[in-house]
Amino acid sequence: MLDLAKPPRAESWVQGFMKVSLHSDNGVIRNLDLTPNGYERMEHGTSRSFVVTHPDDIGRVKRVEFYWEYDMDVLQPRSICFFWCNDHLYVSSIGVTEAEDDGNRGKRGIQVDTKLCSQGPREYADIASRTSAVFIDKCEDQELLN
């Protein structure tokens, strides 16, 4: 689950491509593509869910590296961003739920649910196009500091 913030400087929506790398005690899964079918339109102030599959049991995710790349679409003039708009994505938190296929007609059992927050001084990460932000499993510590 991707929870998007809506600070005053944010555009109401942006579109682009996203990848994540998941870090846990069991290892690292790098560059999982959240947008394999093309860009996604992201509305600030909302939440979005993505499903990715991987054959390995990664366990509890302790860190997520989130990559964002803005995409301009000439067929959508409002998506063209030069000097007069903001192509950043503002992310409040990332939720990771690991589900395991139990082999019983495609049913899945949820094993681990983790909420990860940005490491910065704000309640959200300000992610410029073609950059990454790190989210860690320390949301409770962050909330106590604010």
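Colleague: What volume does the largest pocket have?

Modeller: Keep in mind that this is a predicted model. Rolling a probe the size of a water molecule over the atoms shows where empty space is left. For the largest pocket here, the volume comes to about 780 Å³.

Colleague: Which strand supplies the largest share of the lining of the largest pocket?

Modeller: There are 30 lining residues, and V52, V96, T97, E98 and A99 are the closest to the pocket's centre. At least two lining residues come from each of strand 2, strand 3, strand 6 and strand 7. The largest share is eight residues, and the strand that supplies them is strand 7.

Colleague: How many residues of that lining are nonpolar?

Modeller: The lining can be sorted by residue type. Six of its residues are polar and six are charged, while the nonpolar ones number 18.

Colleague: Is the disulfide of C117 and C139 right-handed or left-handed, and why?

Modeller: Searching the whole structure turns up one disulfide. The sulfur atoms of C117 and C139 lie 2.0 Å apart in it. This pair links distant parts of the chain, with C117 in strand 8 and C139 in helix 1, 22 residues apart. Because the torsion about the S-S bond is about 110 degrees, the disulfide is right-handed.

Colleague: Is C139 buried or exposed?

Modeller: Residues under 20% relative accessible area count as buried. C139 has 1% relative accessibility, so C139 is buried.

Methods
Residues numbered from 1 in each chain as written. Predicted model: local features only at pLDDT ≥ 70, side-chain atom pairs only at ≥ 80, totals over all residues. Heavy atoms only, no water. Disulfide = S-S within 2.5 Å. Helix = DSSP H or I, 4+ residues; strand = E, 2+ residues; numbered from the N terminus. Buried < 20%, exposed > 50% of the residue type's maximum accessible area, 1.4 Å probe, protein only. 1 Å grid on protein atoms, 1.4 Å probe; cavity = no way out; pocket = protein on both sides within 12 Å on 5 of 7 lines; lining within 4 Å. Points joined across faces, edges and corners; volume = space filled by probe spheres on them. Nonpolar A, V, L, I, M, F, W, Y, C, P; charged D, E, K, R; others polar.
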